[in-house]
Amino acid sequence: MSASPSAIQSILTENRVFPPSQEMVKAARVSGMEGYHALCAEADKDFEGFWARLAREHLVWSKPFTRTLDSSEAPFYKWFDDGELNASANCLDRHMGTPVEHKTAIIFEADDGSVTKVTYRELLDRVSQFANALKAHGIQKGDRVLVYMPMTIEGVVAMQACARLGVTHSVVFGGFSAKSLQERIVDAGAVAVITANYQMRGGKEMALKAIVDDAIAMGGCETIRNVFVYERTSSACPMTAGRDKTFAQAMAGQSTDCPPVPVNAEHPLYILYTSGSTGKPKGVQHSTGGYLLQSKMTMLWSFDIQPDDVFWCTADIGWVTGHTYVAYGPLAAGATEIVFEGIPTYPDAGRFWQMIERHKCTVFYTAPTAIRSLIKAAESNEAAHPKQSDLSSLRILGSVGEPINPEAWMWYYRNVGNEHCPIIDTYWQTETGSHMINPLPGATPLVPGSCALPLPGIYPAIVDETGNEMPDGTGGMLVYKKPWPSMIRTIWGDPERFKKTYFPEEVKGYYLAGDGAVRAKDNGYIRVTGRIDDVLNVSGHRMGTMEIESALVAKTDLVAEAAVVGRPDDLTGEAICAFVVLKRPVPVGDEAKQIAKELRDWVAKEIGPIAKPKDIRFGENLPKTRSGKIMRRLLRTLAKGEKITQDTSTLENPAILDQLSQNN
C-alpha cells in the first residue's frame, strides 16, 4: 500500500522548516549537519568497523568480541556474537565508583502525586536483592519470566533483575486480558510471573494479580512454578500457598550483592509480543549486546542526553518504548529519568505540564495521541493549558508511536516547547529495537510531520512490490537494506514466520518494515504514511485486525462472521471499525446499541480495552468476491464514510454495500 496522491502532496508541500538554534548546535553531541554527515560517512566507509567502535566505546564487556557481524545464516544476523556482557551491569554496576553512583536514577511519581527518588546505588541494591530472590527460587540463566507490572520503580527492578541473571523477560502491558496473558505464558514457556496486587490509574485501583490467577486457571501454564506479587496497595488479593509470595517475603534476608551473570551478546534479553496480521501475537526476540548498544546510542544521538538532564518517556514498560527508553536506555546512559504511574488527565489535564515544572524535566518524550488529547483539553479548559505551568526547563521534545500530523506538531512546538525546543519525531518499531529515522536536535532542520533522515548506520529505501527502488516523491514500501545491531533476531519459536514476515523474497532480502513511506525530492526527508498490512495503529499501539476478528467470532452464541478495518481518527490516529454478521436478524435502534456494547465488552475481555472497536456495523453479510474473499478495501472506504468509486465488478453481493453504508 502506498500513500494516496493527496497525502503525498500534503507531505511534499509542507514548507515550514525550523533549523536548530546555534546554541543547540554548539552544545550538542552531534553538532550540525557536518557532525551528522561525518558519522554517516564513517558508517558508509566501514559499516562493521563503525558499529564495532561504538560497541567497544559504549558497552562494558566481560569477554571482548572479535567478530562484529555474522551474516552466514542471514536473515538470522548475529552481532558481536563471540563476546559476553550483562545488560544490568551496563546499566547499573558500570556507574559505581563514578559521580553517577549517588545521582538520582529514577524520580517516581505515583498516581496520587507522591514522589519517591532512588539513586543508582540504591537501584543496584534493589535489583541485586530481587535477583537473589529469583535465584533462591531456582530461576536461572535461560529461563523465561513473564512480567505483568504497573509503572513503578519495581517494574524496572523486575526487568533489570531478570537481565542480571541472564533470565529472558517477557513484559505484558497491564491493560491486557487474562487470555492474552495465558497465550504469552504458554508461548514463552515462562517459569514464573512477576506481578502486583493492583495498579493505580486515575485514582482507581485495578486488579493485576487476579488476572494472573485467571490466566493460569485457563490451563496450559504448567510451567509456572512461582508468582511474585508486589504489594502496590494495601488491599488484599488471593494468594496460592506454595506458589505465590509477596516481594517482601521473597526478598527477606536476601543480600544486596548479586554478581551479574555474563551472557553471550546474542543471548535473548527479552521477548515482547506484538500484533501481527494473523491472529497469533508474534514473540519478538531481542538480543543483549546489539539491543543495548543502540538503546544507549539513541539516547545520546536522538535526545542528546547530557549529565544534568532529567529525561521523561511517558510510555508504559509493557511496550517497546518503555523497554528501550525507560528500563534500559536512560540507565545505560547514566541519566536521571521520571517514571510516572498515572494518566495524563488525572486529577486534571494539566498533569503532564505540572510534572514537567515540578521535576524540572528537560527532555520530554510522548505520543501524538497524548498530544492530541491534551490539545483538546487545553482548548476546552484554560486551566489545562501548558501556559499555566513553567516549562522553561525543557530543551528537547520527542514524539513516538505513530506519525504526528503537522498541526499537532506545531501546537506542541509553540505551546510546550515555546518555539525553542526541537521536536524529535522518532520512527521505529518493536522489531527495530530502537530509533531508526529521526532528526537530531543539534543537527537536523525540522519539518513538521516528517521523521527526517535515518540515523548513522541505518540504510532505509522505499521500494515497490518487487523490491525496486521508487523515485523520490513517490510512495512505496519502507525497507532496510542492511542489518543493524538492535534488530529483531527471530520470532520466538517460529523462525519460518520471521523470514516470511520480515524478509519476504519479493523485496530482495531487505527487511520489510510493514509501513508505507515517501521520500521528499528536495531534501531526502522521509514521511511514514501508514501500515501496508492488516495491522492498525491505535494510539501508537499495534493491533492485528485478525486478532480482533478472531475475538469477535469467538462470541459463538452471537457472531457468525466479522471483518475489522481501520479508519482515520482525530484523537487516536486510527480507530477500529468492525463489520459484524450476527446469527440473528440485523438489529436496529436500542437493540443494535446493546449488542454493540456487549461485543465491545467481549473484545475488551478477550484482548484488552485498547482493542475495543470504536464503530460496530451490522449487516446480513460482508462484501465478498465470488470466490468468497472479503473485499476489505471496500470496507475501509465505508468506514471512512466515503462514497465507493472502486471497481466492484467482482463483488458477489453489491447490495450489501448500501446496507453497510447506512448501518452505523
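Two strands are said to pair if DSSP finds at least two bridges between them, and the strands themselves (E, at least two residues), like the helices (H or I, at least four), are DSSP runs numbered from the N terminus. The views below show a predicted model, in which local features need pLDDT of at least 70 and side-chain atom pairs count only at pLDDT 80 or more, while totals for chains, interfaces and linings use all residues. Residues are numbered from 1 along each chain as its sequence is written, and side-chain values use heavy atoms, with hydrogens and water left out.

**View 1. The three-stranded sheet β28-β29-β30.** This open sheet has its three strands in the order β28-β29-β30, and the pairing is mixed. Strands β28 (559-569) and β30 (615-618) stand at the edges with a single partner strand each, so one side of each is left without a neighbour in the sheet. On average, neighbouring strands of this sheet are turned by 25° against each other, direction ignored, where axes are lines fitted to C-alpha atoms, for helices over the stretch in contact, and angles run from 0 to 180 degrees between N-to-C directions. Strand β29 (residues 573-582) runs parallel to β30 and is joined to it by four bridges, and Ala578 is the residue that stands opposite Ile616 in β30.

**View 2. The seven-stranded sheet from β5 to β20.** Seven strands, in the order β5-β4-β17-β16-β18-β19-β20, form an open sheet whose pairing is mixed. Its edge strands are β5 (115-119) and β20 (423-425), each of which pairs on one side only. Strands β16 (residues 310-313) and β18 (residues 363-366) pair in the parallel sense over three bridges, and the partner of Phe311 in β18 is Val363.

View 3. Strand β21 and strand β22 (residues 476-480) run antiparallel and are joined by four bridges, with Ile462 standing opposite Leu478 in β22.

**View 4. The crossing of helices α4 and α11.** The axes of helix α4 (residues 47-58) and helix α11 (residues 289-301) come within 10 Å and cross at roughly 90°. That makes α4 roughly perpendicular to α11, in a scheme where angles under 35 degrees count as roughly parallel, over 145 as roughly antiparallel, 65 to 115 as roughly perpendicular and the rest as oblique. The contact (heavy atoms within 4.5 Å) involves Phe50, Trp51, Leu54, Ala55 and His58 of α4, together with Leu293, Gln294, Lys296, Met297, Leu300 and Trp301 of α11.

View 5. The peptide bond joining Tyr346 and Pro347 is cis, with omega about 0°, and Pro347 lies in the loop between β17 (336-340) and α13. Within helix α13 (residues 351-359), the buried residues are Arg351, Phe352, Trp353, Met355, Ile356 and His359. The helix is followed by Lys360, which has a positive phi of about 55° although it is not a glycine. Lys360 belongs to the loop between α13 and β18 and is exposed, with a relative accessible area of 52%.

View 6. Although it is not a glycine, Asp304 has a positive phi of about 50°, and its place is in the loop between α11 and β16. Asp304 counts as buried, at 3% relative accessibility.

**View 7. Two cysteines, Cys40 and Cys451.** A disulfide is taken as a pair of cysteine sulfur atoms within 2.5 Å, and by this rule the count comes to zero. Cys40 is in no disulfide, and the nearest cysteine sulfur, that of Cys451, is 14 Å away. Both residues count as buried, Cys40 with a relative accessible area of 16% and Cys451 at 4% relative accessibility.

Technical notes. Buried means under 20% relative accessible area, exposed over 50%, partly exposed in between (1.4 Å probe, protein chains only).
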